[in-house]
Amino acid sequence: MTDSAPTLAQEFESALDWWSAAGVDSDFTDDATAWLLEKLEQEGSSGQSKATAGVAASEGISDSKSAEPARAQPARLNLLGDSPPETLSEFREFWLTAPGLDPIGPRGRVSPRGDANAKLMVLAVEPEEGDRDRLFTGPQGQLLARMLNAMGLTEDEVYFASALPRPTPMADTASIAAAGMDAITAHHIKLAAPKSVLALGGNILPLIGHELPKDPSSLREINLVNPPTPLLVSEGLDSLMTMPRLKARFWRRWIEWSAKR
């Protein structure tokens with residue numbers, strides 16, 4: 001005798017349980033609502049007339065917004081050296097001891113963890129504040145653990161890494177990448193060889209060799225490794241913790257992305 005198919009109510013209850021485990025308890029939408037449109041149009045008409053008059057009155061005066069001087073690019077360094085690490089074990093030793101990876105030096109760096117060829121590589125910009133010998137040990141790590149559980153992944157199936165070796169608040173990732181750190185990340189991904197990469201952080205893209213696009217969700221793979229690796233870019237765990245709307249958006253994008261792999 002075979003088990004009967006689940007009822008619609010049972011399927012609905014199961015779906016609710018899954019979203020609850022994923023940490024989403026509200027519904028959000030990204031569609032804009034023009035509830036100020038009429039007022040803005042009225043003010044815009046008035047403002048346009050005033051702006052036109054202002055331009056006429058200031059004839060001969062240049063734009064008040066002067067062009068910003070081009071930012072000097074940092075000198076690019078060969079941070080990997082002449083003998084780059086050839087295994088993950090060698091890379092972790094390099095990560096913890098190489099003198100040029102950050103201005104502070106080796107002390108206080110946090111090592112990546114996991115095995116090569118993992119189903120998923122979780123790559124954050126930096127370790128969580130308070131991490132010492134292990135990545136993601138605080139509240140962000142607890143959120144990540146719940147997320148992985150909802151994804152159906154165990155920790156043994158995930159490779160955990162950061163693009164910077166220590167917590168670096170307000171990191172200028174574009175400058176850090178231009179100085180050679182993007183090559184470190186690319187080499188790290190190559191050695192880890194994950195089946196896919198989840199990159200966390202609104203400013204992480206320069207560190208994985210991409211310019212910052214208007215829509216990070218348009219990026220679907222990392223081209224710096226061969227073959228290209230499927231990629232999903234999301235806001236950092238800190239943002240997901242404090243903004244439920246971003247958490248709901250992440251899960252919609254994860255489901256869509258996972259279905260296409």
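Colleague: Hi! I'm new to this one. What kind of model is it?
Modeller: Welcome! It is a predicted model.

Colleague: How many helices and strands are there in the protein?
Modeller: The protein has seven helices and five strands. Going along the sequence, their pattern reads α-α-α-β-α-β-α-β-β-β-α-α.

Colleague: And what share of the residues is buried?
Modeller: Of the 261 residues in the protein, 37% are buried. As for the surface, the protein exposes about 16200 Å², and 54% of that area comes from carbon and sulfur atoms.

Colleague: What about contacts? How much comes from residues 24 or more positions apart?
Modeller: Taking the contacts with a separation of 6 or more, 71% are between residues 24 or more positions apart.

Colleague: Let's go to charges. How many salt bridges does the structure hold?
Modeller: There are eight salt bridges in the structure. One of them joins the side chains of Asp102 and Arg166, at 2.6 Å from N to O.

Colleague: Where do Asp102 and Arg166 lie?
Modeller: Asp102 is in the loop between helix H3 (88-97) and strand E1 (120-124), while Arg166 is in the loop between strand E2 (158-162) and H5, so this pair ties together parts that are 64 residues apart in sequence.

Colleague: Are those two buried or exposed?
Modeller: Asp102 is buried because its relative accessibility is 12%, under the 20% cut-off. Arg166 is buried too, at 8%.

Colleague: Which residues are linked with them in a network of salt bridges?
Modeller: The network consists of Asp102, Arg109 and Arg166.

Colleague: New topic: holes. How many cavities of 30 Å³ or more does a search of the whole structure find?
Modeller: The search finds one cavity of 30 Å³ or more. The largest cavity has a volume of about 40 Å³.

Colleague: What lines the largest cavity?
Modeller: The lining is made of Phe91, Trp95, Met121, Leu123, Ser162, Ala163, Ile184, Thr185 and His188. H3, E1 and H5 are the elements that each give two or more residues to that lining. H5 gives the most, with three residues.

Colleague: Tell me about Thr185. Where is its place?
Modeller: Thr185 belongs to helix H5 (residues 173-192). Thr185 is buried because its relative accessible area is 4%, under the 20% cut-off. Not counting residues up to four places away in sequence, Thr185 touches Leu123, Ala163, Leu207 and Ile208.

Colleague: Now the pockets. What is the volume of the largest pocket?
Modeller: The largest pocket has a volume of about 460 Å³. Its lining has 21 residues, and those nearest the pocket's centre are Val125, Glu126, Thr168, Asn203 and Asp238.

Colleague: Which helix gives the largest share of that lining?
Modeller: That is helix H6 (residues 237-242), with three residues.

Colleague: Last one: how many residues does helix H7 have?
Modeller: H7 (residues 244-260) has 17 residues. From its first C-alpha to its last, H7 reaches 25 Å, close to the 24 Å expected at 1.5 Å a residue.

Colleague: And which residues in H7 are buried?
Modeller: The buried ones in H7 are Leu246, Lys247, Ala248, Phe250, Trp251, Arg253, Trp254 and Trp257.

Terms used:
Residues are numbered from 1 along each chain as its sequence is written. This is a predicted model: local features need pLDDT of at least 70, side-chain atom pairs count only at pLDDT 80 or more; totals for chains, interfaces and linings use all residues. Side-chain values use heavy atoms; hydrogens and water are left out. Helices (H or I, at least four residues) and strands (E, at least two) are DSSP runs, numbered from the N terminus. Buried means under 20% relative accessible area, exposed over 50%, partly exposed in between (1.4 Å probe, protein chains only). Contact means heavy atoms within 4.5 Å. Accessible areas come from the Shrake-Rupley method with a 1.4 Å probe; for residues, only the protein chains shown count as cover. The expected span of a helix is 1.5 Å times one less than its number of residues. A salt bridge is a side-chain nitrogen of Lys or Arg within 4 Å of a carboxyl oxygen of Asp or Glu. On a 1 Å grid over the protein atoms alone, a cavity is a set of points where a 1.4 Å probe fits but cannot get out, and a pocket is an open set with protein on both sides within 12 Å along at least five of seven lines; lining residues have an atom within 4 Å of a point. Grid points are joined across faces, edges and corners, and a volume is the space filled by probe spheres set on the points.
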